[in-house]
Amino acid sequence: YEPGSTFKIITSAMGIESGVVKPSDPFHCNGAFTVGGVLIHCHKRKGHGSLNFAAGLQQSCNPVFMQVGARVGVEAFYDYFRSFGYLEKTGIDLPSETGSIFHKKENIHEVELATASFGQRFNISMIQQITAVAAVANGGNLVTPHLLERFTDSENRTMLAYATKIKRRVVSESTCRTISEILEG
């Protein structure tokens, strides 16, 4: 599925972690933003007006995220996209897991980067999105998801337990804390 605005959490993590945006950075939304000669609209057609990055995330403003994506740049965006696990299967304990459909790095230009920054024009699995967002929620660690914590027998003895397996750190705890505070607000 196309993750849409739920992907803005990931673009936020990219921007904050790479140092190209701070919560207080100013932006302006007049309802659309032109990228590579293409006018791309915000969901709020009349615009959000002047706002900072934190408000842009809280209000889910597409023009803010197109600008953050441009600041991150294609190379770093693609590297973070990979690091967050979108180019691999999660390893969840279910059969027939599918992967994502994303642009080849060499085919990402201004418009593709802009639309990807707010979660459109690519497809991922729901479990990939849950796993990536969970990495931000848990302090920056990408983990292998499991449906169950453990199996027990009729006498409540553990027969099989799943330990948390950290694949890699994708962003810092500080970045995750900042995003959590913004989203809580």
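These legends describe close-up views of a predicted model. Local features need pLDDT of at least 70, side-chain atom pairs count only at pLDDT 80 or more, and totals for chains, interfaces and linings use all residues. Residues are numbered from 1 along each chain as its sequence is written, and side-chain values use heavy atoms, without hydrogens and water.

**View A. Helix 5 and its packing partners.** Helix 5 spans residues 110-117 (helices are DSSP runs of H or I, at least four residues; strands are runs of E, at least two; both are numbered from the N terminus). Its buried residues are Leu113, Ala114, Thr115, Ala116 and Ser117 (buried: under 20% relative accessible area; exposed: over 50%; partly exposed: in between; 1.4 Å probe, protein chains only). They pack against helix 1, strand 2, strand 3, helix 3 and helix 4 (contact: heavy atoms within 4.5 Å). Gly119 follows helix 5, with a positive phi near 85 degrees.

**View B. The Phe81 and Phe122 ring pair.** The structure holds 12 aromatic pairs (Phe, Tyr or Trp rings, the six-membered one for Trp, with centres within 6.5 Å; planes under 30 degrees apart are stacked, over 60 edge-to-face, the rest tilted). Phe81 and Phe122 pair edge-to-face, at 5.5 Å centre to centre and 85 degrees between the planes. Phe81 sits in helix 4 and Phe122 in the loop between helix 5 and helix 6, 41 residues apart. Both are buried.

**View C. The Phe151 and Tyr162 ring pair.** The ring centres lie 6.4 Å apart and the planes meet at 55 degrees, so this pair is tilted. Phe151 lies in strand 6, and Tyr162 in the loop between strand 7 and strand 8. Phe151 is partly exposed at 38% relative accessibility; Tyr162 is partly exposed at 27%.
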